[in-house]
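Please examine the sequence and the model shown below.

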Amino acid sequence: MPAQVRDSLLQEFATHAALAEAPATYRRSVITAPRQVVFEDVPTPAPGPSQVLVRIAAAALCTWEQRVYAGIDNWSYPLVGGHESSGEVVAVGSGVAQPLSAGDQVAIAGLRRCGECWACRRGYDNICDNQHATTREPGKPWGPGGFAEYVLVDGYQVYRCPRKVHAFQAALAEPLACVLHDVKRFTPRRGDTAVIVGAGIMGLLHLAVLRSTGAVILVSEPDPVRRAKALEMGAHAVIDPSAQDYVETVKQLTGGRGASATYMAIGAPTAIEQAVQASAKRGIVSVYASVHPRGSQIQLDPNLFHHKELVLSGSLAQDHEDFLDAVWSISHQTIDLQPLISAAFPLLELEAAFAAAAQPDTYRVFVTPDALV
Ligand SMILES: [Zn+2]
Ligand SMILES: [Zn+2]
């Protein structure tokens, strides 16, 4: 028997053998309207060509799902949320190129990338033209699918992660990859001052990543608990923008120069204007968080850009290389994500998890089909 035929038969056999261990149906959550979650049992799919069936171990509640649940972002119902997830490989379809076996732990990149559009071919697969087109049928539940017991994904979406890594940490590969994307695009030099505006999870992840750059790190955050957390995680100084003049304080703390890199981890138009005003010569301001309501405007004197050669840019999601970097960093423990893990709920208590995630003193909240802690 030719090796190729034998291998494909073996792979087919492996797929069916592993699938036999999966139940005929599995449970998933669907956000159907603002503050409405229903659970439904659907047939467990067998992976088609290039697909992998993963049994979810943990999925985190990101700001996007929180906005959809709260009704702030309302274009996506009915949604099976959960784009920050990890789990165990159950079955591997034919033609999956990477070596995967049933039982492997994987981090899942929720983002779809077509590989064929102009953006993908340029290497900007984080802003692929076809991110949503491939998965959405009108009226039918769609989405990344981590808030469920199982998920069917494409082979390129899974990244093997050593067993020693806790499932929660593996699930955080996704947000970490997003932050790595931002900091890799706009890396401060040693001794530069970097400012993080907002000390929610994304701001604090920026802090964890920026610590290895040798930059002096300032964090601006009105909430005292979050400011304390930022100091605990290694910020050199914090600013309370509700009590201090942001621009003046950044200038004072930088000997009058201003900030060389500012990462906007909250979506506030005024804060973006202030960040540009507080920038050093050749400074960069990156709009990391989306701004709501959509269509908000900012006002800036264009001469600021002319005289100081400033750059105002942004950062969206992560490309596949960022994801690889994130999984590597987590697997080799070069970054400590433990302070950002706040709570976990069983999948069926997704609504309680949303309530917990909305509190200012929680960072990442997880749901787990197995009530993992
Ligand atoms: Zn996310
Ligand atoms: Zn594409």
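**Conventions**

Helices (H or I, at least four residues) and strands (E, at least two) are DSSP runs, numbered from the N terminus. The model is a predicted one, in which local features need pLDDT of at least 70 and side-chain atom pairs count only at pLDDT 80 or more, while totals for chains, interfaces and linings use all residues. Residues are numbered from 1 along each chain as its sequence is written, chains are lettered from A and ligands numbered from 1 in the order in which they are written, and side-chain values use heavy atoms, with hydrogens and water left out.

**Loops with positive phi**

Ser50 occupies the loop between E2 and strand E3 (51-60). Although Ser50 is not a glycine, its phi is positive, at about 70°. Arg35, in the loop between strand E1 (25-33) and strand E2 (36-43), likewise has a positive phi, near 55°.

Accessibility is classed as buried under 20% relative accessible area, exposed over 50% and partly exposed in between (1.4 Å probe, protein chains only). Ser50 is partly exposed, because its relative accessible area is 35%; Arg35, at 51%, is exposed.

**Cis peptide bonds**

The bond from Tyr77 to Pro78 is cis, with omega near -10°. Pro78 is found in the loop between helix H2 (63-70) and strand E4 (84-92). His292 and Pro293 are also joined by a cis peptide bond, with omega about 0°, and Pro293 lies in the loop between strand E12 (279-287) and helix H10 (302-308).

**Zinc sites**

Donors are N, O and S atoms within 2.8 Å of the metal (3.2 Å for Na, K and Ca); water is not among the atoms, so sites may look incomplete. The zinc ion (ligand 1) is coordinated by Cys62 (SG), His83 (NE2) and Glu84 (OE), at 2.1 to 2.4 Å. The spacing of these donors along the chain is C-x20-H-E. Both His83 and Glu84 are buried.

Cys117, in the loop between strand E5 (105-109) and helix H3 (118-121), and Cys128, in the loop between H3 and strand E6 (150-154), are 11 residues apart. Cys117 counts as buried because its relative accessibility is 8%, and Cys128 is buried at 6%.
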